[in-house]
Amino acid sequence: MEDNMLELRPNCERCDKDLPPNATKAMICSFECTFCTSCAANVLNNYCPNCGGSLTSRPIRPTSLLKQYPASLKRVVKKDS
C-alpha cells in the first residue's frame, strides 16, 4: 500500500514567505495550495485563488516523522494570486 502524505510546501504561494513544516502560520486548501496566514486573511479572504476552496490551518508534521515523510522542497510562487 502506498502512503499518501500531505505535501507540506515550504513557502506561501503569494508572497514567498518561508513556511517550514512546523510553521503555525500556514494555511492550506484541499489541493495542498499553501499560503501564509497574513495573505490568506488579508488578501485572499481565506479562499484559495487557484481552486476556490476554503483555506484552513495546515497541520504540523511531528519532527519524529520528517525523516521518513519529509516536507516538500518544491517552492510554488504565483505572484498574481
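**Close-up views of a predicted model**

View 1. Arg-9 counts as buried because its relative accessibility is 13%, where buried means under 20% relative accessible area, exposed over 50% and partly exposed in between (1.4 Å probe, protein chains only). The model is predicted, with local features needing pLDDT of at least 70 and side-chain atom pairs counting only at pLDDT 80 or more, while totals for chains, interfaces and linings use all residues. Residues are numbered from 1 along each chain as its sequence is written, and side-chain values use heavy atoms, with hydrogens and water left out. Arg-9 lies in the segment before β1; strands (E, at least two residues) and helices (H or I, at least four) are DSSP runs numbered from the N terminus. Not counting residues up to four places away in sequence, Arg-9 touches Leu-19, Phe-31, Glu-32, Cys-33, Thr-34, Arg-58, Ser-72 and Val-76, a contact being heavy atoms within 4.5 Å.

**View 2. Cys-51 in its loop.** The loop between α1 (37–42) and β3 (56–57) holds Cys-51. Because its relative accessibility is 36%, Cys-51 counts as partly exposed. Apart from neighbours within four places in sequence, Cys-51 is in contact with Cys-29 and Phe-31. Cys-33 is 18 residues from Cys-51 in sequence, and their C-alpha atoms are 8.7 Å apart.

**View 3. Leu-55 and its partners.** Setting aside neighbours within four places in sequence, the residues in contact with Leu-55 are Met-27, Ile-28, Cys-29, Phe-35, Ala-40, Leu-44, Asn-46, Tyr-47 and Cys-48.
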